[in-house]
Amino acid sequence: MNEMIYLFAGYAVIWLAAFVFIFSMVSRQQSLQKDVEMLEQLTQQKQDV
Amino acid sequence: MSQNLRRYIRKIFAIVGKDVATEIRTKEMVSAMFVFSLLIIFIFNFTFDLRAGNVQTLAPGVLWVAITFAGMLGLSRSFVLEHDKGVLEGLLLAPVDRSTIYFGKMIGNIIFISMVAIVVLPVFMIVFNQPFTHVPRLGGIIVLGVIGLSGVGTLFSAMAVHTRAREVLLPIMLFPVIIPLILAAIRLTAAVLDGMLFADMSHWLTILVAFDVIFIAISYMLFEYVVEE
Amino acid sequence: MTTKILSSQQTKTEVNGISFSAVFTIFTGFIMLTALYLALIWAPDAVNLLTPTERYAQRIFYFHVPAAWVGFLAFLASALFSVIYLIKRQQKWDAMALSSVEVGLAFFTMVMLSGPIWAKPTWNVWWTWDPRLTISTICWLLYIGYIMLRGAIDNPEREARFAAVFAIVSSFSIPLNWLAIRWWRTIHPAIVAAGSNDGSEGGFGMSPDIRNTLIFCVVAFTIFYINLMYHRVKLELMKRRVELLKQDILYQ
């Protein structure tokens with residue numbers, strides 16, 4: 001097992017980097033979604049007035 | 001030489017003249033760069049504890065760190081006046097091609113940085129105990145290096161002046177790009193100091209010249225996109 | 001009016017987009033898992049490496065090399081998108097250039113992290129100033145400079161313009177950097193130049209199965225890159241649209 005530690009670490013960091021990037025995209029998407037919802041509410045209010 | 005080319009060159013040198021006249025009056029930039037590069041040489045002397053044994057391997061690096069860092073200092077100020085005092089708007093309104101502004105600023109930068117380097121060089125030769133017979137060839141290498149540094153540095157300086165971080169951003173953009181230039185210049189300087197034949201180092205000379213030509217051409221083409229508006 | 005724009009755009013992406021995007025993403029995931037299986041289990045051991053630690057660590061290269069390939073590809077692509085942006089001045093090209101740099105940065109980070117982990121058992125050091133390592137670091141720094149430059153400019157149009165100029169200039173510096181650093185010194189195994197690996201330490205012969213696995217991984221990573229680009233560009237364009245709407249609604 002000890003012999004595989006470098007192999008494991010190598011693949012771990014590669015996948016970690018990929019997932020960090022993907023999660024950053026997901027979180028940006030979510031904050032964008034929030035903005036869109038807020039804008040929708042705002043326009044709704046404006047139309048109601 | 002055709003009439004148009006002569007007129008074009010005259011316009012370029014009008015811009016160079018403006019920068020040189022400003023500099024002669026204030027003496028701000030060149031003196032700061034000069035003192036800064038001397039300080040770098042002295043600091044390196046202490047940090048590496050330079051002695052006869054290791055000076056031959058370290059001296060070229062010290063010289064080029066001094067030149068590039070001092071050059072960076074000058075380049076970062078290159079467009080500050082243009083930006084803050086509205087000089088750039090004046091230049092853009094003038095009936096000249098955008099590229100004349102680029103070449104004018106670039107030649108100005110080359111003059112200032114080379115001047116500093118040429119004055120620092122004798123000091124460098126004295127403190128590191130190098131024979132003065134190397135000066136002409138080193139001067140040639142320095143001029144070639146400074147041309148490349150100013151070629152791309154002028155373009156980036158025009159960009160950096162519009163950013164919030166300004167002086168901070170210029171080295172971050174410029175250093176990764178000029179690494180081949182620094183490597184070639186250091187190898188050539190070492191070759192001269194070691195008394196090697198230039199023929200053995202011709203591939204580094206090729207890189208240095210290629211860098212100058214390629215980056216001046218690209219910067220010339222891209223400069224109009226930087227100053228438009 | 002604005003609500004109509006918003007909702008119509010949303011349904012559009014949902015009807016056309018989701019199905020295609022979902023299929024493409026699942027396909028990419030499947031390809032990447034296959035690549036992982038080939039690299040870890042299917043590929044044979046490199047025969048000429050002595051210790052088992054070294055033999056296991058060698059398998060990092062199936063993901064390390066494709067990641068580096070994608071990193072350079074992304075850089076080249078962003079330079080091309082930047083040129084097109086400067087000519088056509090359409091937002092989408094700028095969005096693509098930015099996305100390509102960001103995705104490339106992610107891949108280069110993989111390279112920078114996995115490289116030392118391979119180098120430690122093979123060369124017995126985490127880091128050497130070897131040309132390929134150095135050039136990867138320089139690319140990584142250029143990418144970061146690009147992101148920092150964009151972050152430091154307030155005017156979006158100027159941001160796009162300057163970023164494009166920087167991407168083009170830095171793409172020209174890569175080959176020169178490559179040449180200069182290679183002449184400076186080298187110990188990295190030249191794996192791609194098959195047959196002549198005995199000279200560099202840590203090099204190994206490429207048996208057909210090893211080569212096929214590597215080729216599959218390169219293709220898989222390229223598909224991964226395209227998929228990430230697809231999502232990132234979509235996100236960027238949506239972000240800009242929302243930004244515009246925000247200004248429209250809030251500052252009316």
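Asp94(C) counts as buried, at 4% relative accessibility, where buried means under 20% relative accessible area, exposed over 50%, and partly exposed in between (1.4 Å probe, protein chains only). In this predicted model, the side chain of Asp94(C) meets that of Arg240(C) in a salt bridge, 3.0 Å from N to O; the term stands for a side-chain nitrogen of Lys or Arg within 4 Å of a carboxyl oxygen of Asp or Glu. The pair links distant parts of the chain, with Asp94(C) in helix α4 (residues 91-123) of chain C and Arg240(C) in helix α7 of chain C, 146 residues apart. Helices here are DSSP runs (H or I, at least four residues), as strands are (E, at least two), and they are numbered from the N terminus. Arg240(C) is buried too, with a relative accessible area of 16%.

Over all chains, the structure holds 16 salt bridges. Another of them joins Asp35(A) to Lys246(C), with the closest N and O atoms 2.8 Å apart. Asp35(A) sits in helix α1 (residues 5-48) of chain A and Lys246(C) in helix α7 (residues 208-250) of chain C, so this pair joins two chains. Asp35(A) is partly exposed, at 21% relative accessibility. In general, side chains of opposite charge can pair when their charged atoms come close.

That brings us to chain C as a whole. Chain C has seven helices and zero strands. Of its 252 residues, 54% count as buried. Contact means heavy atoms within 4.5 Å, and among the contacts in chain C with a separation of 6 or more, 77% come from residues 24 or more positions apart.

The predictor's confidence in each residue is the pLDDT, which runs from 0 to 100; its mean for chain C is 81, and 82% of the residues reach 70 or more. Within chain C, confidence is lowest in helix α1 (residues 2-42), at a mean of 69, and highest in helix α3 (residues 61-88), at 92. Over residues 1-13 of chain C the pLDDT stays under 50, and the model has 18 contacts beyond four places in sequence for this stretch. Residues 191-199 of chain C are also below 50, with eight contacts in the model beyond near neighbours in sequence.

Now for the partners of chain C. The contact with chain A involves 28 residues of chain A and 41 residues of chain C. Chain A and chain C bury about 3200 Å² between them, with carbon and sulfur atoms giving 78%; buried area is the accessible area (1.4 Å probe) that two parts lose on being put together, summed over both. Two salt bridges are counted between chain A and chain C. The side of chain A that touches chain C has 17 nonpolar, six polar and five charged residues. Here Ala, Val, Leu, Ile, Met, Phe, Trp, Tyr, Cys and Pro count as nonpolar, Asp, Glu, Lys and Arg as charged, and the others, Gly among them, as polar.

On the chain B side, 30 residues from chain B meet 30 residues from chain C. About 2900 Å² is buried between chain B and chain C, 76% of it on carbon and sulfur atoms. The count here is one salt bridge, formed by Arg164(B) with Asp154(C), whose closest N and O atoms are 2.9 Å apart. Helices α7 (135-160), α8 (169-193) and α9 (202-227) of chain B each supply at least two residues of the side that touches chain C. By class, that side of chain B has 23 nonpolar, three polar and four charged residues. Ile179(B), in helix α8 of chain B, touches Ile138(C) and Asn177(C), leaving aside residues up to four places away in sequence. Ile179(B) counts as partly exposed, at 24% relative accessibility.

A note on conventions: residues are numbered from 1 along each chain as its sequence is written, and chains are lettered from A and ligands numbered from 1 in the order in which they are written. Local features need pLDDT of at least 70 and side-chain atom pairs count only at pLDDT 80 or more, while totals for chains, interfaces and linings use all residues; side-chain values use heavy atoms, with hydrogens and water left out.
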